[in-house]
Amino acid sequence: MDKIKNNFASAWRSVHFDLEKKLPRHAIHAWFDPIVALDFREKSFILEVPNQFSLEWIESHYKDEIALSIKDLFGKSIKYQLLVVKDKKEILHKDKPERSNLRHKVVRFNNLNIKYTFDNFIVGSNNEFAKTASESVASNPGQQNFNPLIIYGGVGLGKTHLMHAIGNSSLNQNPNLKIVNITSEQFTLDFVNSLRKNKTIEFAQNYRSSDVLLIDDIQFFRGKEQTQEQFFHTFNVLYQSGKQIVLTADKFPGEMKGLQSRLLSRFQSGLSVDVQPPNFEVRVAILLEKAEQNGLELDYSTIEFIARHIKNNVRELEGTIIRLLAKSSLLNIEINNQLVTEVVKERVGGRIGNEISIENIVRKVSEISNVKEDDIVGKSRKMEIAEARQVSMFLCRDIMGTSLNNIGMFFGGRDHTTVMHALKTVDKKQNNNDRMKQMISSIRKELGFSFL
Ligand code: ADP
Ligand code: MG
């Protein structure tokens, strides 16, 4: 036992090594590589794990394997204790030097999630402007015309991520800033409590002394007159003293119902930026990033498969990766095509079979543009026909990620440079031309690819 005590780190390494022989690679990668052996005390290994989720997962799924490896290696059972980083200080002896190379340290300031940064926010045309504006605000809070900054858009598209990134980044640039970060529900609760306890002055002071006020999901202020009143005053005090306000909402502020018009008109003095659903390429990039973050190695065809089917929002993409990881760990199998198909099917409600096709897209475009399907896939260069064809090509690429060659083949045997040109033309028109924007968004909606 003493031998292990004096050399606990290498003793644990041998357990790790033994587990590598028994468990799939991704399980080792996801759950065991992050473990750090901190100590050996009271006849147990003290092991650090990065978070509560890992702790529970390891305890509930790998207890037997760990016990077996320990018994095989040391000839007897030895206990072990898993700890999440933040518990570490209480457990370790006070005179022990702090380990400086702790991995996965999770610190939260002002409820800011430090995992939400600009660095790990994947940019595409769907969110580029929102990110640039957010970065600008983080560098110069309160000093620009971007006050308030309002980030709006559908569920799971990165609004909260961007808002926290503003908090994290501005704090990195100036650690003295007072950042108040809260959801509008918490704000409401806080206000109601302050009323109950006769502490409305303290309530007001707390918010009004912030340099950067971040409020998430302001649609929840809907119909809460007194809270809106409070918020209005807080807003004015901060605004007038040049403090930054950042808000997120599910809709363009001009379209929000149930919010006082004086508030809405205040919002118009700032900048509203939207986040849109990611297109195919951005979905692939997000999946690659999330897989890496979760220690999961997936080959490109798997990533592409997921990106083709999971289109709704980023949270779902992330959820698919986690589910894949969980399922393969649980069933103790390597990730293979069958597992991927199963997980994706689960998430899209089994709709993989009647997956959208090029034909479906052409049909919809034909209905909306009044150009015959045969013409769309034909050779005519008449302007409205060519436009319907280009829109169809664009949607095939955008929604399904169909390769340029395949698109070319389907639409009258054109080569990939022609297709490329078509995609660029539509993308440009989409940004400059409301009719085109409307048309694309209504086709997407009809095909079930829009949820705004
Ligand atoms: P919202 O607040 O718009 O509902 P979130 O900000 O909570 O969405 O995003 C949902 C999840 O998706 C989060 O885990 C977030 O990190 C991730 N996410 C969203 N957009 C991106 C992006 N562009 N790049 C990387 N991760 C993203
Ligand atoms: Mg959110």
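1. Burial first: 48% of the 452 residues in the chain count as buried. Keep in mind that this is a predicted model, so every value below is computed from predicted coordinates. The chain exposes about 23200 Å², and carbon and sulfur atoms supply 49% of that area.

2. On the overall layout, the chain holds 22 helices and eight strands. Its C-alpha trace spans about 85 × 60 × 35 Å along the principal axes. If you look at contacts with a separation of 6 or more, 73% of them come from residues 24 or more positions apart.

3. Now the inside. The largest nonpolar core has 52 residues, and W31, F32, F45, I58, Y62 and I66 are the ones with the most contacts inside it. Apart from that core lies another, of 28 residues, with V362, V371, I385 and L447 among them. As general background, nonpolar side chains in soluble globular proteins tend to be buried together.

4. What does W31 touch once its neighbours within four places in sequence are left aside? Its partners are F53, S54, W57, I58, Y62, L325 and S329. Two of these names, I58 and Y62, also turn up with W31 in the list of residues with the most contacts inside the largest core.

5. Aromatics next. A search of the whole structure finds 17 aromatic pairs. One of them is F45 with F74, a tilted pair at 6.4 Å centre to centre and 40° between the planes. F45 sits in strand β2 (residues 44-49) and F74 in helix α5 (residues 63-74), so this pair ties together parts that are 29 residues apart in sequence. F45 has 0% relative accessibility and counts as buried, whereas F74, at 23%, counts as partly exposed.

6. Then have a look at F187 and F203. Their ring centres are 5.3 Å apart and the planes meet at 70°, which is why the pair is edge-to-face. This one links distant parts of the chain too: F187 belongs to helix α9 (residues 184-196) and F203 to helix α10 (residues 200-208), 16 residues apart. F187 and F203 are both buried.

7. Ring pairs link F187, F191, F203, Y207, F221, F231, F235, Y239 and F267 into a cluster. If you want to inspect the aromatic side chains as a set, that list is a handy selection to display.

8. On to charges: the count comes to 18 salt bridges. In one of them K290 pairs with E318, with the closest N and O atoms 3.4 Å apart. K290 is in helix α13 (residues 280-293) and E318 in helix α15, 28 residues apart, so to speak a link between distant parts of the chain. Is K290 buried or exposed? At 9% relative accessibility K290 counts as buried, while E318, at 28%, counts as partly exposed.

9. E342 lies in helix α16 (residues 337-347) and K327 in helix α15, and the pair links distant parts of the chain, 15 residues apart. Here E342 is partly exposed at 34% relative accessibility, and K327 is buried, with a relative accessible area of 13%.

10. Two further entries on the charge side. K382 and E384 meet through their side chains in a salt bridge of 3.9 Å, N to O; the cut-off is 4 Å, in case you wonder about that distance. E384 counts as partly exposed because its relative accessibility is 44%. Elsewhere, salt bridges that share partners join D18, K21, K22 and D72 into one network.

11. Last, a nonpolar stretch of surface. Which residues form the nonpolar patch? They are L330, L331 and I333, with about 250 Å² of accessible area together. L330 has its place in helix α15 (residues 314-331). With a relative accessible area of 49%, L330 is partly exposed, because the exposed class begins over 50%.

Conventions. Residues are numbered from 1 along each chain as its sequence is written. Chains are lettered from A and ligands numbered from 1 in the order in which they are written. This is a predicted model: local features need pLDDT of at least 70, side-chain atom pairs count only at pLDDT 80 or more; totals for chains, interfaces and linings use all residues. Side-chain values use heavy atoms; hydrogens and water are left out. Patches are made of residues with over 30% relative accessible area and no salt bridge: like charges are joined within 9 Å, nonpolar side chains (Val, Leu, Ile, Met, Phe, Trp, Tyr) within 5 Å. Accessible areas come from the Shrake-Rupley method with a 1.4 Å probe; for residues, only the protein chains shown count as cover. Helices (H or I, at least four residues) and strands (E, at least two) are DSSP runs, numbered from the N terminus. Buried means under 20% relative accessible area, exposed over 50%, partly exposed in between (1.4 Å probe, protein chains only). A nonpolar core is a set of buried Ala, Val, Leu, Ile, Met, Phe, Trp, Tyr and Cys residues joined through side-chain atoms within 4.5 Å. Contact means heavy atoms within 4.5 Å. Rings of Phe, Tyr and Trp (its six-membered ring) pair if their centres lie within 6.5 Å; planes under 30 degrees apart count as stacked, over 60 as edge-to-face and the rest as tilted.
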